[in-house]
Structure formats: structure tokens, C-alpha cells
Amino acid sequence: MAEVIMVNRVRFTSSLDKALMPKLDRLSKETRIPKSRLLDEAVEDLLKKYEKRGAFR
């Protein structure tokens with residue numbers, strides 16, 4: 001099996017609350033937006049939230 005080369009992405013492993021995964025799956029399916037892009041948006045929003053609090057720079 002060939003290795004996937006990602007230029008603008010980084011692979012990492014994590015886990016989600018069991019209740020969140022079906023909701024993320026449904027959102028991705030209904031919006032036709034890949035889960036990876038939805039997660040990018042969520043992380044960006046989280047970082048902005050903490051930047052405003054001065055907790056992250």
C-alpha cells in the first residue's frame with residue numbers, strides 16, 4: 001500500500017466523546033464538508049477564543 005503524502009496537513013491521533021462522533025458524522029454528511037475541514041474550523045475557533053482571553057499567543 002502506497003504511503004499518502006500530505007503537503008498541507010499533519011496526521012495526528014485523538015479521541016472524541018462518544019456522543020460527539022455521530023453528530024460530527026451527520027454534520028459532515030449533511031453539509032458535504034469533510035470531517036477534517038470541520039475539525040480545522042473547530043480548532044481555529046477554539047484558538048481564537050483563548051487568544052482573546054490572553055491565555056494563548
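Which residues make the nonpolar surface patch of about 250 Å²? The answer is Leu16, Leu20 and Met21. Patches here are built from residues with over 30% relative accessible area and no salt bridge, with like charges joined within 9 Å and nonpolar side chains (Val, Leu, Ile, Met, Phe, Trp, Tyr) within 5 Å. Leu16 sits in the segment before helix H1, which spans 20–31. With a relative accessible area of 45%, Leu16 is partly exposed; the cut-offs are under 20% for buried, over 50% for exposed, and partly exposed in between, using a 1.4 Å probe and protein chains only.

A word on the model itself. It is predicted, so local features need pLDDT of at least 70 and side-chain atom pairs count only at pLDDT 80 or more, while totals for chains, interfaces and linings use all residues. Residues are numbered from 1 along each chain as its sequence is written, and side-chain values use heavy atoms, with hydrogens and water left out.

On the overall fold, the protein comes out with two helices and zero strands; these are DSSP runs, numbered from the N terminus, with helices being H or I of at least four residues and strands E of at least two. The radius of gyration is 14 Å, whereas a compact globule of 57 residues would have one near 10 Å. That radius is taken over C-alpha atoms, and the globule rule is 2.2 Å times the number of residues to the power 0.38. Along the principal axes, the C-alpha atoms fill a box of roughly 45 × 30 × 20 Å. The accessible surface is about 5900 Å², and carbon and sulfur atoms account for 56% of it; areas come from the Shrake-Rupley method with a 1.4 Å probe, and for residues only the protein chains shown count as cover.

Next, the charges. There are 14 positive and 9 negative side chains, and the centres of the two sets lie 3 Å apart. Lys and Arg count as positive, Asp and Glu as negative, and His and the chain ends are not counted. Each charge is placed at NZ of Lys, CZ of Arg, CG of Asp or CD of Glu.

Side chains of opposite charge can pair when their charged atoms come close. Two salt bridges turn up in the structure, the criterion being a side-chain nitrogen of Lys or Arg within 4 Å of a carboxyl oxygen of Asp or Glu. One of them joins Asp40 to Arg9, with 2.9 Å between the closest N and O atoms. This pair ties together distant parts of the chain, 31 residues apart: Asp40 belongs to helix H2 (residues 35–52) and Arg9 to the segment before H1. Both partners are partly exposed, Asp40 at 31% relative accessibility and Arg9 at 38%.

The other bridge brings Lys35 and Asp25 together at 2.7 Å, N to O. Here helix H2 supplies Lys35 and helix H1 supplies Asp25, and the two are ten residues apart. Lys35 is partly exposed at 33%, as is Asp25 at 32%.

Leu39, in helix H2, is partly exposed at 37%, and its C-alpha atom is separated by 9.1 Å from that of Leu24, 15 residues away along the chain. Ser15 lies in the segment before H1 and counts as exposed at 64%. Between Ser15 and Asp45, 30 residues apart in sequence, the C-alpha to C-alpha distance is 19 Å.
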